[in-house]
Amino acid sequence: MNRSLKRRLTAIVISIFIASWILSALATSLAARLVISNEIDRVLESILLAAESISGSMNGELEPLRKIYEKKIVPVAYAAGTRTGDAEQPMLLRLQQNLYSGGLGVPSVNLWFERTQILVGNDTPAFPRPHAGIREGQANNVDIDGLSWRIMYRHSEANHFWVAAGIQNQRARLDGTQLLLQMLAPLVVLIPLTALALYYGVARGLFPLRRLAREIERREEMAALQPLPAGDVPSELVPVVDSLNHLLARLADTLENEKRFTANAAHELQTPLAAISTEVQLCHRLLTDPESKRMMERIRVRVERASHSVKQLLILARLDPQNTLPMQTVDLSELIREVASELGHIASDRQLELALDIDAQQTLQGNRETLLILLRNLLSNAFRYTPRAGTVRICRGSNRLTITNAAAPIADPEQLADRFFRGSGDSDEDTEPGAGLGLSIVKRICELHGITLTLNYLELEKHFLVALQFS
């Protein structure tokens, strides 16, 4: 199956685009993880600075904070098992005041005032108590109740208190991922639009290739072998056009030599064949022996076939180089009657019945001389290959001419239009002149007139059908 170059290029470009987009999304995700981690540290540091600044105004005392948040500070001593607190296990208080970081999870803050630890936030857990080896201002990952927290500590030497800020890693990454997806969502919407734009862009880029194909097709329709224009062809197609032009030039030379040889050979054969025919007829009259007469008759038939073939070759040699013919208004009904009258002796000798169903006057634009050759070949074939006492029907509609005659079965009727092909009909066929060129000439004349030729064998009626469809 032939694959479309446009689809192939579009698939490659879109695949590369999607692969690049996926790799970019992965790289962006990895970079986003690092950015989120740095952003978490920055948020924690800013919270610590704010907490230190606020708590500094209290000079390390808890009572001012109790007065400000009198109704929001509640004890959670049951969680630690003590209500008084000491240096090793401070009393736990919860300040029911949540913080908001702007999209990377809800931060939690712990404060240590001597024997008291305050948890800022409704869901804030108790962070591990700071110890001597802890590094201030550096965030670390700590597992609390099965969850990973990123916590940063800071100590105020002047006010004698510790503060720690933390954000749950999983929640922060989830929020960061949602933010990343919101950023990538417009790009996802752009994928089908980009694919559509690429498809039409590739189609536009392949326009010179389609134009070149139309130029080649136009030359085929015109039966012309002129070189293809290379002025507007893309540089990638210049070698292809040059190769095609060289091929067309060689093909034109070959065809011209073949036509010249055919015409010269046919012309040179006419004179000796005419002389042979005359000699054969003279000998036939002088002979008295029946067997010799039959032999001479067979020779005459073969010479007549050779003469007919030479005439057909001359017609083909004259028609093949033609691209156009001079056209005039032609009365097709008159031409049919003229050819039928000219070949009437064949129908009479074979006792054929000719049924004409044509209008009194039906005109078309065509070349009278070549249309006479076309009708002469079609009717001659119909008369010669119809069984004796058979019927030949000629029907002319508005834009269609059909000729039907009884005939032996034909396996591939369309092949009869090939040059030098003769169908395997009845035994009478071998006695008829011709070399399988008649329908080839008909086909060529139809091409020059824009007529559609159809050859068919009707199995039920046992008839051969020739149909000409006029445009």
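A salt bridge is defined here as a side-chain nitrogen of Lys or Arg within 4 Å of a carboxyl oxygen of Asp or Glu. The model is predicted, so local features need a pLDDT of at least 70 and side-chain atom pairs count only at pLDDT 80 or more, while totals for chains, interfaces and linings use all residues. Residues are numbered from 1 along each chain as its sequence is written, and side-chain values use heavy atoms, with hydrogens and water left out.

Five salt bridges are present in the structure. In one of them, Arg 444 pairs with Glu 447, and the closest N and O atoms are 3.2 Å apart. Both residues belong to helix H11 (residues 438-449), where they are three residues apart, about one turn of the helix. Helices (H or I, at least four residues) and strands (E, at least two) are DSSP runs, numbered from the N terminus. Arg 444 is buried, its relative accessible area being 10%, whereas Glu 447 is partly exposed at 47%. In these terms, buried means under 20% relative accessible area, exposed means over 50%, and partly exposed lies in between, with a 1.4 Å probe and protein chains only.

A salt bridge also joins the side chains of Glu 297 and Arg 300, at 2.4 Å from N to O. Glu 297 is partly exposed, with a relative accessible area of 28%, and Arg 300 is partly exposed at 27%. A further salt bridge brings together the side chains of Arg 376 and Glu 342 (2.9 Å, N to O). Arg 376 is in helix H10 (residues 368-385) and Glu 342 in helix H8 (residues 332-342), so this pair ties together parts that are 34 residues apart in sequence. Relative accessible area is 27% for Arg 376, which is partly exposed, and 38% for Glu 342, which is also partly exposed.

Charged residues also form a feature of the surface. Arg 204, Arg 210, Arg 211 and Arg 214 make up a positive surface patch. Patches consist of residues with over 30% relative accessible area and no salt bridge, like charges being joined within 9 Å and nonpolar side chains (Val, Leu, Ile, Met, Phe, Trp, Tyr) within 5 Å. Lys and Arg count as positive and Asp and Glu as negative, whereas His and the chain ends are not counted. Helix H5 (residues 207-222) contributes the most to the positive patch, with three residues. Arg 204 is located in helix H4 (residues 169-205) and is exposed, at 63% relative accessibility.

Backbone geometry was examined as well. Most residues other than glycine have a negative phi. Asp 145, although not a glycine, has a positive phi of about 55 degrees. Asp 145 is placed in the loop between strand E5 (140-144) and strand E6 (147-156), and is exposed at 74% relative accessibility. Lys 462 likewise has a positive phi, near 60 degrees. The loop that holds Lys 462 runs between strand E13 (452-458) and strand E14 (463-469), and Lys 462 is partly exposed, with a relative accessible area of 43%.

Zero disulfides were found in a search of the whole structure, a disulfide being a pair of cysteine sulfur atoms within 2.5 Å. Among the cysteines, Cys 395 is partly exposed at 29% relative accessibility, whereas Cys 446 is buried at 1%.

Technical notes:
Accessible areas come from the Shrake-Rupley method with a 1.4 Å probe; for residues, only the protein chains shown count as cover. The place of a charge is taken as NZ of Lys, CZ of Arg, CG of Asp or CD of Glu.
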